[in-house]
Structures are given as C-alpha cells and as structure tokens.
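Thanks for coming. I have one structure to go through today, and I will keep to what can be computed from it. Here it is.

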Amino acid sequence: MLESPEQRFAALREFFPNAKQEDWRVEVAGQRVQIIKKDSVHGGILEFGTEIVGAADHSIMAMLGASPGASTAVWIMIQVLERCFAEKLTLGDGRVKLKEIIPSYGQSLVANAALCQNVRAETAAILNINNIPQ
C-alpha cells in the first residue's frame with residue numbers, strides 16, 4: 001500500500017521481466033474486513049475468523065473476515081457448495097462427486113481415528129512427507 005506506482009511495477013517485473021507499464025493498471029482486488037457480532041452482554045464482539053454470509057436464496061455468497069489461507073480455503077469452498085447447491089448434494093450426484101474428490105467428506109476425522117490416520121498417510125504419500133505422527 002505504501003509503494004509508489006513505479007515501485008509496484010518494479011516488483012511486478014521481478015516476476016514478469018518483459019512487462020510493459022502501459023499494458024498494466026492497478027485494480028482494487030478486495031478489502032479485508034473484521035466481523036462484529038451481536039452480544040447480549042457486550043453489545044458486540046469483534047471476530048477475527050472467517051465467515052461465509054449469503055442471500056437467503058443462495059444466489060450470492062461472500063466471505064468476511066480474515067484472509068483465508070491453505071488451512072481454511074477447502075473448508076470455505078465446501079461451505080459455499082453446501083449452501084448454494086444443497087439440493088444437488090442431497091438429491092443429485094453432487095455428493096458422489098464430492099466424495100470422489102474428498103473421500104472423507106461427510107465423516108468426522110475427530111471421531112474416526114482410523115480414517116484420520118488413513119487420510120494423513122495418503123496425503124503424506126502424495127506430498128512425499130515421511131514424518132507424519134501416528
């Protein structure tokens with residue numbers, strides 16, 4: 001935010017050396033917000049997490065709060081799918097496809113230790129990680 005346009009473009013050229021300044025313009029991509037939830041004791045409580053909010057008809061969804069990272073991105077996308085396409089996930093073949101993509105979908109890794117270990121082992125094998133705790 002504190003960089004001049006020239007400094008921003010210099011940073012871009014580190015990744016794309018052939019960039020021409022006349023071909024680029026700055027666009028506002030979004031703004032980080034925090035959530036204040038109603039509280040009967042304090043009036044409002046500042047939340048630092050991430051929350052999905054949307055229209056009652058599920059025609060639009062938005063994420064509010066902290067910037068998502070790898071630790072929350074999949075959870076957020078699943079929440080959006082479940083809210084926007086609930087009927088396809090319960091009546092259609094959407095649930096089958098989602099379980100194909102995420103075999104543990106709909107199951108608790110907390111309640112099912114064997115499933116948790118299996119998911120960890122499969123993930124570790126794919127990522128070539130050899131020191132997963134048992």
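**Notes on a predicted chain**

N128 is exposed, at a relative accessible area of 61%; exposed means over 50%, buried under 20%, and partly exposed in between, with a 1.4 Å probe and protein chains only. N128 sits in the segment after α5 (113-127). Its phi is positive, about 60°, although N128 is not a glycine. Most residues other than glycine have a negative phi.

Before I go on, the ground rules. This is a predicted model, in which local features need pLDDT of at least 70 and side-chain atom pairs count only at pLDDT 80 or more, while totals for chains, interfaces and linings use all residues. Residues are numbered from 1 along each chain as its sequence is written, and side-chain values use heavy atoms, with hydrogens and water left out.

H58 is another non-glycine residue with a positive phi, near 65°. H58 belongs to the loop between β3 (50-54) and β4 (61-65), and it is partly exposed at 36% relative accessibility.

Now the overall layout. The chain has 5 helices and 4 strands; both are DSSP runs numbered from the N terminus, helices being H or I with at least four residues and strands E with at least two. In order from the N terminus, the elements read α-β-β-β-β-α-α-α-α.

How much of the chain is buried? Of its 134 residues, 13% count as buried. The accessible surface comes to about 11100 Å², and 59% of that belongs to carbon and sulfur atoms; areas are from the Shrake-Rupley method with a 1.4 Å probe, and for residues only the protein chains shown count as cover. As for contacts, meaning heavy atoms within 4.5 Å, I take those between residues at least 6 apart in sequence: 20% of them join residues at least 24 apart.

M77 lies in helix α2 (residues 70-84) and is partly exposed, with 47% relative accessibility.

On to side-chain pairing. Side chains of opposite charge can pair when their charged atoms come close. A search of the whole structure finds 1 salt bridge, defined as a side-chain nitrogen of Lys or Arg within 4 Å of a carboxyl oxygen of Asp or Glu. The partners are K97 and E100, at 3.3 Å from N to O. Both are in helix α4 (residues 94-101), 3 residues apart, so about one helical turn separates them. K97 is partly exposed at 44% relative accessibility, whereas E100 is exposed at 55%.

How many disulfides are there? The count is 0, where a disulfide is a pair of cysteine sulfur atoms within 2.5 Å. On the cysteines, C84 is partly exposed at 24% relative accessibility, and C116 is buried at 15%.

Last, the surface. F15, F16 and W24 make up a nonpolar patch with about 400 Å² of accessible area together. Patches take residues with over 30% relative accessible area and no salt bridge, joining like charges within 9 Å and nonpolar side chains (Val, Leu, Ile, Met, Phe, Trp, Tyr) within 5 Å. W24 is in the loop between α1 (5-15) and β1 (35-39), and its relative accessible area of 43% makes W24 partly exposed.

That is the end of my part.
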